[in-house]
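Hi,

Here is the structure I said I'd pass on.

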Amino acid sequence: MKKILIVEDNEKNMYLISFILKKSGYEVTEATAGEEGIELAMKEKPDLIIMDIQLPGIDGLEATKRIRASEADGNIPIIALTSYAMVGDKEKALAAGCTGYIEKPIDPEAFAAEIKKYIK
Amino acid sequence: MPLFYSFLNNIAIMLAVAIVHGFIYRYLKDRKIAAKIFSGVTFSFAVLATMSNKFVLSPGVVFDARSIVISICGMFAGPIAVFMTSVTAIIHRINTGGGGMTMGILVIISSALIGLAFRYWRRSKPELAKPQYLYLLGLIVHLNMMLLVFTLPKEVISQVFQTITLPVLLILPIGTVFYGKLLNDQEEQLKTEQSLRDKEGLLRKAHDELELKVSERTEELAQANIRLQELDKLKSMFIASMSHELRTPLNSIIGFTGIILQGMSGEVTGEQRKQLIMVKTSAAHLLDLINDVIDVSRIEAGKVKLDIEQFDISALASEVKKSFDILADEQGLEVVLDIPGPMRIKSDERRTKQVIINLVSNAIKFTDEGRINIKVLGRNNKVEILVADTGIGIKKEDINKLFQAFGRITTKDRLTEGSGLGLYLSKKITDLLKGQIKAQSHFGIGSVFTFTVPLKYQEIKK
């Protein structure tokens, strides 16, 4: 069973994404902050990481950069969750090392299919 | 003849002394009393010099140009100096002694007084420093001197008149003019120098004040600039926060209704499904509103950058038409596309698409039956996209309100789900694309919206 790490501070969003992914047959690990996310990424080595950009403490972009910096080989796909706030958000996500991005609010019908595209 | 030469000698000495005086005087000009005393000393020296180079008619009857020195001293140097000079002259004359002593002393005193008189007269009449008036001074002083000849011992009076009258009245007044002119010129020069210094001082002061003002203004401008930049940043952050905050709850609403409707949380009854769909559509509508509001905010804040590229406008129109096929079909409407072959234009594809979608969406929304026409044509360096419908139309008086934000108009008792921002946003985008948008309509019959963009978007550099 493939493992997905979700880094998201909003508990409702976390519940939503977690629910969809579990129903789609993935094993889910949850982190509610950037630092926790980096730890779990390194410890658990998930098959995909969903990274919310707006996080307390260090934000999603910074967490992504640090995860990328610590990886030896075999990059984990990191999907950024953006809220299309500012021009250049998407570009910044990709520049920080994200593999792709999904805009909030997420489409519950299409979400699982999009994740399937990115997962190793 | 000796008297003649003696007088000339005297005049030369006086002038020389005056020049030296001029050199030194400028250093004392700030100390008024010291300056006067210095003048007194110099004139005293001059008077002694002239009285030492005297013409001796007979023992005790001597003549020199002291009258010039003293009268000019009185006129130009003032009471203190003329007093000192007169006293010096009188002492020297008494020392010389002789029968002409009385006349000598009287000449000294009267020359001093006449000089002082001219000094005070000059206060109300500055032209007195001019040569003609100096000559007048010389004349008065020396006519007076000739009168005082009568104070000499009777036996010499006639001889004196014969000897000195011509030289005195001819040479000494001219000597007065030269002496006076020299002193006047020195005075003028000092005045000019002072005036220049004063002006320089004023200029420097004005310059310093100006520099101060400039640096103050520059500081103010720098501060204002910083504030503006901060404000701009705040604006960006505000819009970003707004966007994020508004979308976050929608995530739950759209997400969970979606999950439930897919049956992922258990079975859903028919009625539950029906109601959940209503929630879902409302949420989707809310999302549209949020997107429009954020978009408008960003455009108003000047934070929208266009992505100018070449693209095929005919293909774009076709794409938009296709995306509305299902919806139009549901409402029993026909959508007709009228495009020329591929037409490449240079503009922002995404934003152009946004406007066309808005127009077509409105057309479908406000048409109950009939057809929607989407037409593309190129004309005069521009491309026109027309969206015509057989809808409910717009009243003449409402056409102006169409493109205003939240401008609600009479729609034949219809409550339409719109943000009120659609056309406003389209207008703003059209302005950004340097195009035009307009509406024509017959109430109850239909409308035509014409959206025009330049074939080649051009940035106008100021």
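Predicted model: local features only at pLDDT ≥ 70, side-chain atom pairs only at ≥ 80, totals over all residues.

Helix α9 covers residues 313-330 of chain B and helix α10 covers residues 349-365; their axes come within 10 Å and cross at roughly 35 degrees. On the α9(B) side, the residues in contact include B:Leu316, B:Val320 and B:Phe324, and on the α10(B) side they include B:Ile356, B:Ile357 and B:Val360. Sorted by class, this contact has 10 nonpolar, two polar and three charged residues.

Now for where the two chains meet. Chain A brings 19 residues to the contact and chain B brings 22. Together they bury about 2,000 Å², with carbon and sulfur atoms giving 61% of that area. Three residues, A:Leu16, A:Tyr84 and A:Pro105, supply 27% of what chain A buries against chain B, more than any other three.

What about charges and polar groups? There is one salt bridge across the interface: the side chains of A:Glu109 and B:Lys280 meet at 3.4 Å, N to O. Eight residue pairs are in polar contact between chain A and chain B, counting pairs with both residues at pLDDT 80 or more. As for the side of chain A that touches chain B, 11 of its residues are nonpolar, four are polar and four are charged.

Cheers

Key:
Residues numbered from 1 in each chain as written. Chains lettered and ligands numbered in written order. Heavy atoms only, no water. Contact = heavy atoms within 4.5 Å. Buried area = accessible area lost by both parts, 1.4 Å probe. Salt bridge = Lys/Arg side-chain N within 4 Å of Asp/Glu carboxyl O. Polar contact = N/O pair within 3.5 Å; in protein donor to acceptor, adjacent residues only side chain to side chain. Nonpolar A, V, L, I, M, F, W, Y, C, P; charged D, E, K, R; others polar. Axes fitted to C-alpha atoms, helices over the stretch in contact; angles between N-to-C directions. Helix = DSSP H or I, 4+ residues; strand = E, 2+ residues; numbered from the N terminus.
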